[in-house]
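Open the model in your viewer and keep the selection tool at hand. The tour goes from stop to stop, each with something to select.

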Amino acid sequence: MPAALTLGYVPGGTPAKWARIWAERHPDVPLRMRTIEAANAAAEVRTGGVDLAVLRLPADTSGLAVIPLYEETTVAVVPKDHVLSAADELTAADFDGEPILIPLDHVVYWPDAPGVPVEHRPETTESAMELVAAGSGLVIVPQSLARLHHRRDLTYRPIVDAPTCPVALAVPEGPQSALVEDFIGIVRGRKPGSSRAQAEPVPKRTAREKTLAKQAARAAAGKVARKPGRGRR
């Protein structure tokens, strides 16, 4: 049995609960956690950079088995004094004519997202937040990233008709090591010693997951045509 297990997770991922349970059940086997860029998360699992990863979908998950975890609320980050901050929740129509910042590490898959994309694309979501504070536009992100990059001069509001942001656990396809199976059992809420944690196989990808993976792969290769006047989210 390997001396450790390496878990990758994208920014905003929340593996702390599972790490705590792992430490209780495997005090002699360290769980090494490493933050990985969303765009590279699936590749890190395929190449063995990490044993498994908490990542965002859609992504090119070819060669991987994917376990859905949860769906994140999509929010808009705005300056605290912005007119949109007066509402408790927003709709896509509220963004008509609003400048939208789309960082290069953008992770919200929303092909027909509203607003007017700003031509300059910030390198990271964090730098996009700085531009939002400077009044250069708004940014649309999963709620966890809005919390991760919190600033006193910014706030965020949920977008009720936006697509959610799926989060999943990815492992290599095929037979798993005992440690990976144990971690999957923890994620699924299995009790210590549960036979189901060992016997239940990692589910194969659904047709929808395969379709999303193909779309993500084409988008990454720059082969997806963009509608005039709209930025792909």
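Start with a pair of side chains. Select Glu-44 and Arg-34: they meet in a salt bridge, 3.1 Å from N to O. Glu-44 sits in helix H2 (residues 41-46) and Arg-34 in strand E2, so the contact ties together parts that are 10 residues apart in sequence. Arg-34 is partly exposed, at 33% relative accessible area. Bear in mind that this is a predicted model.

**The sheet around Arg-34**

Arg-34 in E2 is the bridge partner of Gly-8. Now widen the selection to strand E1 (residues 5-9) and E2, which pair in the parallel sense over 5 bridges. Strands of a sheet pair through backbone hydrogen bonds, parallel or antiparallel.

Which order do the strands of this open sheet follow? Show all 5 strands and read E2-E1-E3-E10-E4, with mixed pairing. Strand E2 (31-35) and strand E4 (64-72) are the edges, each pairing on one side only. From one strand to the next, the twist averages 20°.

Then select helix H5 (residues 178-187). H5 lies across E1, E2, E3, E4 and strand E10 (165-172). Against E10, helix H5 runs at about 155°.

How many salt bridges does the structure hold? The count is 4. One of them is the Glu-44 and Arg-34 pair you began with.

Select Arg-56 and Glu-72. Their side chains meet in a salt bridge at 2.5 Å, N to O. Arg-56 is in strand E3 and Glu-72 in strand E4, so the pair links distant parts of the chain, 16 residues apart. Are these two residues buried or exposed? Arg-56 counts as buried at 7% relative accessibility. Glu-72 also counts as buried, at 9%.

Move on to Arg-151 and Asp-153. The closest N and O atoms of this salt bridge are 2.9 Å apart. Arg-151 is partly exposed at 28% relative accessibility. Asp-153 is partly exposed too, with a relative accessible area of 34%.

**The sheet around E8**

Now select strand E8 (residues 138-142). E8 is mostly covered: 5 of its 5 residues are buried.

Show the strands that pair with E8. Strand E5 (residues 74-79) runs antiparallel to E8, joined by 4 bridges. Pick out Ala-76 and its bridge partner in E8, Ile-140. Strand E6 (residues 99-101) pairs with E8 in the parallel sense over 2 bridges. Here the bridge partner of Leu-101 is Val-139 in E8.

Select Ile-100 to find its bridge partner in E7, Pro-117.

Zoom out to the whole open sheet. Its 5 strands come in the order E7-E6-E8-E5-E9, and the pairing is mixed. Strand E7 (116-117) and strand E9 (154-158) stand at the edges with a single partner strand each, so one side of each has no neighbour in the sheet.

End on helix H3 (residues 125-133). H3 packs on this sheet, touching E5, E6, E8 and E9. Compare directions: that of H3 makes about 140° with that of E8.

Note on methods:
Residues are numbered from 1 along each chain as its sequence is written. This is a predicted model: local features need pLDDT of at least 70, side-chain atom pairs count only at pLDDT 80 or more; totals for chains, interfaces and linings use all residues. Side-chain values use heavy atoms; hydrogens and water are left out. Two strands pair if DSSP finds at least two bridges between them. Axes are lines fitted to C-alpha atoms, for helices over the stretch in contact, and angles run from 0 to 180 degrees between N-to-C directions. Contact means heavy atoms within 4.5 Å. Buried means under 20% relative accessible area, exposed over 50%, partly exposed in between (1.4 Å probe, protein chains only).
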